[in-house]
Amino acid sequence: MFLFLFNAFVFVFECSRLLINISFAFFEFFVSCVWKASRKSVEHEIVLITGAGSGIGKQLSIEFARLGAILVLWDINKEKCEQTAAEIKRNGGVCYCYTVDVSIFDEVEQTSLKVRQGIGDVYLLINNAAVFNCATLLNLSPRDIKKAINTNLMSHFWTTKCFLPQMIKRGKGHIVAISSNMGLYGRCYLTDYSATKFGINGFMEALDDELRVKQKNDIFLTTVCPSAIDTGLSTPRETRFPKLLPVMTVEYACKVIVDGILRDKRSIIFPTGFKLYYYILR
């Protein structure tokens with residue numbers, strides 16, 4: 001009898017908790033649709049984007065160039081980085097191109113000094129560079145795992161250490177981390193990728209708390225957690241519910257990301273179906 005009552009209590013408690021989460025998810029979604037902060041201007045501001053040679057990094061570079069920002073493009077692939085720069089310049093944008101392996105601190109430190117001395121202080125830093133292996137843990141080599149961790153996660157430490165001090169000194173700045181829905185829950189074949197994205201989310205949350213404690217409220221942080229995007233890193237499969245959880249184009253995803261950055265959002269979780277799913281189950 002006691003066990004039956006206990007199980008009944010647990011069932012009622014879990015159902016109530018689920019209903020509360022669902023109600024809160026819809027309420028937060030409604031508030032976000034009705035009330036939106038105004039968009040700030042990045043015209044003539046220096047925006048640095050890692051992994052700017054392709055995919056999300058390339059499209060973000062194009063979007064911010066259209067807004068009148070001065071772009072600093074970083075990528076390990078010199079040819080692709082220069083192609084992005086050429087496209088921006090053809091459309092009247094201003095940009096500078098650097099070949100950098102962001103997984104190596106010395107390269108990041110040396111190139112950050114070149115940027116500061118040759119162009120100026122970075123206002124908006126977008127950490128986007130990533131590698132994507134998509135293999136079982138047993139099929140990943142130690143080299144693959146190290147490369148994923150160093151590129152996807154450690155690069156955020158290196159760039160932030162190099163650019164945050166000047167942001168604090170100037171009293172303004174914005175750091176953006178391109179994470180993933182894989183940083184909110186793990187999936188098969190993505191052990192290394194999910195681990196790095198979980199790490200990014202923890203890094204940004206902890207850094208946000210550090211800045212709050214130090215009362216550096218003029219430095220904004222944004223963590224971006226999109227669902228499936230067809231970036232070219234892999235071919236994403238269509239989801240079971242394509243209307244709620246579509247595979248997004250890079251162009252659409254970057255417009256959402258840019259809008260959220262300009263509104264100083266702390267987190268950008270999308271599309272809508274995934275955002276509701278996350279709020280319900282968190």
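## Where H2 meets H7

In this predicted model, helix H2 touches helix H7 through Gly55, Ile56, Gln59, Leu60, Glu63, Phe64 and Arg66. On the H7 side, the residues that meet them are Val250, Glu251, Cys254, Lys255, Ile257, Val258, Ile261 and Leu262. By type, the residues of this contact comprise nine nonpolar, two polar and four charged.

H2 covers residues 55–66 and H7 covers residues 250–262. Their axes lie 9 Å apart, and the two helices pack at an angle of about 55°. H2 is therefore oblique to H7. The crossing of the two helices is right-handed.

## Helix H6 and its surroundings

Helix H6 runs over residues 191–213, which is 23 residues. From its first C-alpha to its last, H6 reaches 33 Å, close to the 33 Å expected at 1.5 Å a residue. Just after H6, Gln215 has a positive phi of about 60°.

Which residues of H6 are buried? They are Asp192, Tyr193, Ser194, Thr196, Lys197, Ile200, Asn201, Phe203, Met204, Leu207 and Leu211.

## The chain as a whole

The chain has 282 residues, and 42% of them are buried. Its secondary structure consists of eight helices and seven strands.

Among contacts in the chain with a separation of 6 or more, 68% join residues 24 or more positions apart.

Key. Residues are numbered from 1 along each chain as its sequence is written. This is a predicted model: local features need pLDDT of at least 70, side-chain atom pairs count only at pLDDT 80 or more; totals for chains, interfaces and linings use all residues. Side-chain values use heavy atoms; hydrogens and water are left out. Axes are lines fitted to C-alpha atoms, for helices over the stretch in contact, and angles run from 0 to 180 degrees between N-to-C directions. Helices (H or I, at least four residues) and strands (E, at least two) are DSSP runs, numbered from the N terminus. Angles under 35 degrees count as roughly parallel, over 145 as roughly antiparallel, 65 to 115 as roughly perpendicular and the rest as oblique. A crossing is left-handed if the near helix is turned anticlockwise from the far one by less than a right angle, and right-handed if clockwise. Contact means heavy atoms within 4.5 Å. Ala, Val, Leu, Ile, Met, Phe, Trp, Tyr, Cys and Pro count as nonpolar, Asp, Glu, Lys and Arg as charged, and the others, Gly among them, as polar. The expected span of a helix is 1.5 Å times one less than its number of residues. Buried means under 20% relative accessible area, exposed over 50%, partly exposed in between (1.4 Å probe, protein chains only).
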